[in-house]
Amino acid sequence: MRQLAVSLLAGGGVFALLALGLRWNFWFSALAGVGTYVGLFLLLTPKPDRMAAYFTSRPDGGQMIALMQEAEGDLRALRHVAGQIADAPTRQKALDLTATGEKMYRYLRETPEKIPAAHQFLSYYLDTVGRILNQYVKFQNTGLATDEVVSFQHKVRTLLPRLKKGFDEQWTQLMASERFDVEADMAVMSQLLHTEGLSWETKPGESA
């Protein structure tokens with residue numbers, strides 16, 4: 001209703017301005033008003049939510065929605081706790097890890113059919129990393145420097161690059177099918193170029 005009302009008001013306003021205010025040709029003014037109405041109505045039409053449509057089509061759609069909502073909350077908590085780490089290099093590594101997780105989450109929103117393949121990442125990895133960093137920050141804030149605390153913090157700092165690599169590998173696996181499709185297209189194109197006497201490859205120093 002809001003979309004319809006705004007479009008009608010805008011179209012009527014354009015018609016009134018041209019026909020009554022500027023005294024343009026009645027039919028031209030009416031056409032401009034109708035064009036404004038149609039254009040604005042289409043512009044304000046909500047874009048279809050691919051993820052919502054995908055969930056609706058699946059019997060386990062409710063569980064998948066809950067999974068994505070939980071992952072979104074875990075990512076917010078992860079970014080918050082990463083920002084509380086006092087040691088600058090460790091904080092940056094934690095933030096880089098969080099950024100990768102956020103990119104994967106956005107990718108899954110755009111390609112919801114791959115959410116089942118990322119179930120472990122969404123339900124376990126994000127929550128576990130969050131608990132590890134939470135404990136790191138708790139120890140940090142106590143100011144304790146016992147052998148046990150120092151050892152734990154060292155383990156976390158050593159673990160963060162491995163976790164980042166693990167996140168990257170998870171994302172690479174999710175995108176594997178797309179890479180295979182593009183490589184297949186490249187192979188077909190290479191064959192077509194070869195039959196036409198052209199080369200897909202370029203020699204060093206030559207531009208493609």
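Some ground rules. Residues are numbered from 1 along each chain as its sequence is written, and side-chain values use heavy atoms, with hydrogens and water left out. Because the model is predicted, local features need pLDDT of at least 70 and side-chain atom pairs count only at pLDDT 80 or more, while totals for chains, interfaces and linings use all residues.

Helices here are DSSP runs (H or I, at least four residues), numbered from the N terminus. Take H4, residues 61-82, and H6, residues 119-142: their axes come within 9 Å and cross at roughly 25°. An axis is a line fitted to C-alpha atoms over the stretch in contact, and angles run from 0 to 180 degrees between N-to-C directions. H4 and H6 are therefore roughly parallel; the cut-off for that is under 35 degrees, and over 145 counts as roughly antiparallel.

Which residues of H4 meet H6? Among them are Leu67, Met68, Ala71 and Asp74, and on the H6 side the list includes His119, Leu122 and Asp127. Contact means heavy atoms within 4.5 Å. Ala, Val, Leu, Ile, Met, Phe, Trp, Tyr, Cys and Pro count as nonpolar, Asp, Glu, Lys and Arg as charged, and the others, Gly among them, as polar.

Next is H5, residues 88-110, whose axis comes within 12 Å of that of H6, crossing at roughly 160°. That makes H5 roughly antiparallel to H6. Thr90, Ala94, Leu97, Gly101, Met104 and Leu108 of H5 make the contact with Phe121, Leu122, Val129, Leu133 and Tyr136 of H6. There are 9 nonpolar, 2 polar and no charged residues in it.

Now the salt bridges, meaning a side-chain nitrogen of Lys or Arg within 4 Å of a carboxyl oxygen of Asp or Glu. How many does a search of the whole structure find? The count is 4.

One pairs Arg79 with Glu102, at 2.8 Å from N to O. Arg79 is in H4 and Glu102 in H5, 23 residues apart, so the pair links distant parts of the chain. Is Glu102 buried or exposed? Glu102 counts as buried, at 19% relative accessibility, whereas Arg79, at 34%, is partly exposed. Buried means under 20% relative accessible area, exposed over 50%, and partly exposed in between (1.4 Å probe, protein chains only).

Another joins Asp127 to Arg131, with the closest N and O atoms 3.3 Å apart.

Methods
Helices (H or I, at least four residues) and strands (E, at least two) are DSSP runs, numbered from the N terminus. Angles under 35 degrees count as roughly parallel, over 145 as roughly antiparallel, 65 to 115 as roughly perpendicular and the rest as oblique.
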